[in-house]
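These are my notebook entries on one chain. I set down what I looked up, entry by entry.

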Amino acid sequence: MPPTDTALPDTRDIPVTPAGPDETDLALVEALQLRPRAPWAQIASVIGVDATTAARRWRRLTDSGLAWMTAYPARHASVVGYVDLACAPGALDALTAELCGWGPVFSVERTTGDHSLFLGVAAYDLPCLDDFVIRRLGRLDGVRSVRLSLCTRVYREGSGWLVHTLNERQRTHLTGGDRPARPRPGTGPHEGDRRLLLALGADARRGHAELARECGLSETTVRRRLGRMIAGGEVYFRCDLTQQLAGWPVIATFRIAAPGPGTEAVAHALAGLPETRLCASVTGPHNLLLSVWLRAPADCLALEERILRRHPGLRIGERSITLHTAKRMGRLLDRWGRARAHVPITAAPQSGAVEDGRRFRPGC
């Protein structure tokens with residue numbers, strides 16, 4: 001018994017961490033990352049449960065916001081910018097809430113460093129991106145400065161990241177050893193696919209009949225169009241999950257200067273790291289942007305040292321840690337990273353035009 005004059009800590013206001021996905025849930029997520037629209041019977045046979053249980057578990061994960069699935073075009077005519085905002089501290093909450101509601105801002109992260117907000121922004125073309133960043137973002141109350149990096153190539157984005165719970169035999173059983181179809185140069189969503197892609201953006205596991213009803217198409221047409229897009233690598237499917245509760249609570253972002261010769265090989269190597277969620281070439285003195293998911297803040301230094309040992313010619317100019325992800329590829333997230341709502345991604349249009357959601361670019 002403690003002495004009577006020793007005060008015990010008051011735990012009434014300490015938040016209780018909600019339960020996260022278990023090992024079977026993580027295996028289910030990876031199976032869906034590999035085969036997003038596979039029948040439940042096939043998914044179930046790989047993770048060791050029956051089809052009904054697999055479907056029920058997925059419904060529990062999506063209903064609780066622990067996991068979700070979306071889809072978006074692999075090729076299109078739009079451009080993407082990564083925007084750093086320096087903000088007045090008192091304006092940060094209002095700015096976060098405001099930007100989370102904007103369709104062209106597909107991701108919103110609050111980070112350490114001189115720039116409090118890190119945004120992913122989609123635009124119809126370069127003049128539209130310029131107009132959006134200068135006239136809309138730059139004029140928001142509380143924004144002190146804006147820094148824009150234009151994305152020139154994506155080597156890996158969130159749809160290519162795996163949980164790494166399944167073994168090689170299980171993965172081969174799902175995929176047959178085949179790699180997903182690579183998008184063909186110049187291909188992209190046809191005009192008639194717009195509504196179908198928007199419907200899939202909210203839930204990429206929706207059935208053909210449900211998609212047909214929402215899009216005003218026949219089920220046969222939906223099957224044909226979706227089959228064409230998948231076979232041609234025209235669409236990315238992305239099964240995401242709450243990183244904090246699943247064991248990856250840390251997002252670290254590095255701005256890396258890579259020498260001209262060999263940059264392509266370095267980018268591919270960085271994209272192949274299991275931690276990598278986003279690896280993109282960008283404009284500016286630091287020509288590579290790398291975003292990773294880690295188990296603990298201390299892993300940042302270990303990863304940085306590993307990268308520099310393998311690629312001694314690189315220079316890491318900036319590093320930051322995300323304090324809170326408020327929005328990821330159109331999903332609004334709570335403090336635990338659980339999905340709470342979906343904002344359709346649109347491309348910033350020309351000044352005075354209406355955002356139509358026709359084109360957007362994948363992010364981390």
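**Entry 1: Helix 7 and helix 9**

I find that helix 7 and helix 9 are roughly perpendicular to each other, a label that covers angles of 65 to 115 degrees, while angles under 35 degrees count as roughly parallel, those over 145 as roughly antiparallel and the rest as oblique. I looked up the geometry: the axes of helix 7 (residues 194-202) and helix 9 (residues 219-231) come within 11 Å and cross at roughly 80 degrees. Here an axis is a line fitted to C-alpha atoms, for helices over the stretch in contact, and the angle runs from 0 to 180 degrees between N-to-C directions. Helices are DSSP runs of H or I with at least four residues, strands are DSSP runs of E with at least two, and both are numbered from the N terminus.

I then listed the residues that meet, where contact means heavy atoms within 4.5 Å. Helix 7 contributes Leu196, Leu197 and Leu200, and helix 9 contributes Val222, Arg225, Leu226 and Met229. By class, this contact of helix 7 with helix 9 holds 6 nonpolar, no polar and 1 charged residues. Ala, Val, Leu, Ile, Met, Phe, Trp, Tyr, Cys and Pro count as nonpolar, Asp, Glu, Lys and Arg as charged, and the others, Gly among them, as polar.

**Entry 2: Basis of the values**

I note that this is a predicted model, in which local features need pLDDT of at least 70 and side-chain atom pairs count only at pLDDT 80 or more, while totals for chains, interfaces and linings use all residues. Residues are numbered from 1 along each chain as its sequence is written, and side-chain values use heavy atoms, with hydrogens and water left out.

**Entry 3: The chain as a whole**

I recorded 12 helices and 12 strands in the chain. Of its 364 residues, 52% are buried; buried means under 20% relative accessible area, exposed means over 50%, and partly exposed lies in between (1.4 Å probe, protein chains only). Among contacts with a separation of 6 or more, 76% are between residues 24 or more positions apart.

Helix 1 (residues 23-34) packs against helix 3 (residues 51-63) at an angle of about 95 degrees, with the axes 11 Å apart. Helix 1 is therefore roughly perpendicular to helix 3. Thr24, Asp25, Leu28, Val29 and Leu32 in helix 1 meet Ala54, Arg57, Trp58, Arg60 and Leu61 in helix 3. I count this contact by class as 6 nonpolar, 1 polar and 3 charged residues.

I also consulted the record: UniProt places the feature "domain: HTH asnC-type" (unreviewed entry) at residues 22-61 and 193-229. The positions are in the numbering used here, the feature name is shortened, and the annotation may be inferred rather than shown by experiment. Residues 22-61 are 78% helix and 0% strand, with the end C-alpha atoms 10 Å apart. For residues 193-229 I have 76% helix and 0% strand, with the end C-alpha atoms 9 Å apart.

**Entry 4: Strand 1**

I checked strand 1 (residues 67-73) for burial: 7 of its 7 residues are buried, so strand 1 is largely enclosed by the rest of the structure. Ala67, Met69, Ala71 and Pro73 are buried on one side, and Trp68, Thr70 and Tyr72 are buried on the other. Strand 1 runs antiparallel to strand 6 (residues 235-241), and 7 bridges join them; pairing requires at least two DSSP bridges between two strands. The bridge partner of Met69 in strand 6 is Cys239.

**Entry 5: Leu174**

I located Leu174 in helix 6 (residues 168-175). Leu174 is buried, at 2% relative accessibility. Its C-alpha lies 7.3 Å from that of Ala31, although Leu174 and Ala31 are 143 residues apart in sequence. Leaving out residues up to four places away in sequence, Leu174 touches Ala31, Leu34, Arg35, Gln42, Ile43, Val46 and Leu166.

**Entry 6: Two positive phi values**

I noted a positive phi of about 65 degrees at His164, which is not a glycine. His164 lies in the loop between strand 5 and helix 6 and is partly exposed, with a relative accessible area of 46%. Met329, also not a glycine, has a positive phi of about 45 degrees. Met329 sits in the loop between strand 10 (315-328) and strand 11 (331-333) and is buried, at a relative accessible area of 3%.
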